[in-house]
Amino acid sequence: MSEPYGHRELKSRVDRELERFVGAEAEALLALDDGLTPLVDVLTAVTARGKRLRSAFCYWGWRAAGQPDSDAMVRAAASMELVHAAAVVHDDIIDDSALRHGVPTAHVALRGAFAAGSRRKTRARSMAMLAGDLLMSWAGQMFTGCGLPGAYLGRARGLWAVLARELIAGEALEILHTGGEADVRRSLKVIRYKTAKYTVEHPLHIGAGLGGADPVLREVFTGYGLPLGEAFQLRDDLIGLFGDPATTGKSNTDDISAARPTALIALTRQAATPAEQAELTTLLGRRTLTAPQLRRVRAVVERTGARDRVEDMIGDRVEIAVRALDGAGLPALAHRSLTRLATAATNRPD
């Protein structure tokens, strides 16, 4: 079996495992009733794309524990992408986002399953919520059916419980703090639990746990995973405001329209003049934002230095993450791959 030296090769293997698993589950749903086709179409669409970073972190957690390449482990790692897909579907419902990867989000796409009127939007959102719930169930199913020995899987059972608890806590904290006062520390706490942990730290811990790693390696992965996960989301916040929808595939007004408690906006509001504060107050949470209004928000973010400060925060966190790997005694291939993943996760184009 060839070694997956590059992320592209590992991504292809994860894609194949997901396609196989989702395809089988889709057939099982349609066997129940072919009227479930709209649901199946959405489930297939939201699992068919992605950078597969979470599965990569899980896989390299396993390899860092000294374990060999394994198709069963690739399947276990691929289950992380179903967790992500579930989080995305639920997040888009919460934020009422219309686009992701340039295509309609699940709750928007599902409107086509219902006739005009008759609470079409509400019913589509309900269907999307169920799709997200099923995706999380699929994640556990794919993980436990990956083919690794039961004793190995038992090592990770408690880690899955922590992942689910902290992911939901992060989402809940964002909802609770949306529209609140600017607070960078609170924004970073939301980032940590909503994104950073389930994107980097938890997949690494699960992979390492499956591989029988000792607690010291898990501490190394916390030192690497938390700052890197925060850097990942901070980059996403910059892209969310300054990105080109033609490149990012999603609206660049969503964070403003939803008044999300991002660190970028918190830093901006803290440094804004009274006049800018008043202007931001009228724009944050506005359902529709015109092009001139978006430019104005961007201008305030730039003038206050918030954009540069977030760039510095990203750079500092990546440096801390990579440094955490030094001296940890990781296998050379795992060390090299995790170092490269730190760059891949945070150097995404606008």
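This is a predicted model: local features need pLDDT of at least 70, side-chain atom pairs count only at pLDDT 80 or more; totals for chains, interfaces and linings use all residues.
Reader: Which residues lie nearest the centre of the second largest pocket, and which elements each supply at least two residues of its lining?

Author: Among the 17 lining residues, Asp95, Asp96, Asp254, Ser257 and Arg287 lie nearest the centre. Helices α4, α5 (106-109) and α12 each contribute at least two residues to this lining. By residue class, the lining of the second largest pocket comprises six nonpolar, six polar and five charged residues.

Reader: What is the volume of the largest pocket?

Author: The largest pocket has a volume of about 1,000 Å³. Its lining is made up of 46 residues, and those closest to the centre are His84, Val88, Arg100, Asp236 and Lys250. Elements that give two or more residues to this lining include α4 (71-95), β1 (99-100), α8 (157-177) and α10 (215-242).

Reader: Which element gives the most to the lining of the largest pocket, and how do the lining residues divide by class?

Author: The most is given by α4, with nine residues. The lining of the largest pocket divides into 14 nonpolar, 13 polar and 19 charged residues.

Reader: Let us turn to helix packing. At what angle do helix α1 and α2 pack?

Author: A pair of packed helices is described by the angle between their axes and by the distance between those axes. Helix α1 (residues 7-32) packs against α2 at an angle of about 175 degrees, and their axes are 10 Å apart. Angles over 145 degrees count as roughly antiparallel, and α1 and α2 are therefore roughly antiparallel to each other.

Reader: Which residues of α1 and α2 meet?

Author: From α1, Leu18, Val22, Ala26, Leu29 and Leu30 meet Thr37, Val40, Leu43, Thr44 and Thr47 of α2. This contact of α1 with α2 consists of seven nonpolar, three polar and no charged residues.

Reader: How is the packing of α2 and α6 to be read: at what angle, and with what distance between the axes?

Author: Helix α2 (residues 37-47) and helix α6 (residues 120-144) pack at about 55 degrees, with axes 10 Å apart. The two helices are therefore oblique to each other, and the crossing of α2 and α6 is right-handed.

Reader: Which residues meet in the contact of α2 with α6?

Author: Leu39, Leu43, Val46 and Thr47 in α2 meet Met127, Ala131, Leu134, Leu135 and Trp138 in α6. The residues of this contact are eight nonpolar, one polar and no charged.

Definitions and conventions: Residues are numbered from 1 along each chain as its sequence is written. Side-chain values use heavy atoms; hydrogens and water are left out. On a 1 Å grid over the protein atoms alone, a cavity is a set of points where a 1.4 Å probe fits but cannot get out, and a pocket is an open set with protein on both sides within 12 Å along at least five of seven lines; lining residues have an atom within 4 Å of a point. Grid points are joined across faces, edges and corners, and a volume is the space filled by probe spheres set on the points. Helices (H or I, at least four residues) and strands (E, at least two) are DSSP runs, numbered from the N terminus. Ala, Val, Leu, Ile, Met, Phe, Trp, Tyr, Cys and Pro count as nonpolar, Asp, Glu, Lys and Arg as charged, and the others, Gly among them, as polar. Axes are lines fitted to C-alpha atoms, for helices over the stretch in contact, and angles run from 0 to 180 degrees between N-to-C directions. Angles under 35 degrees count as roughly parallel, over 145 as roughly antiparallel, 65 to 115 as roughly perpendicular and the rest as oblique. A crossing is left-handed if the near helix is turned anticlockwise from the far one by less than a right angle, and right-handed if clockwise. Contact means heavy atoms within 4.5 Å.
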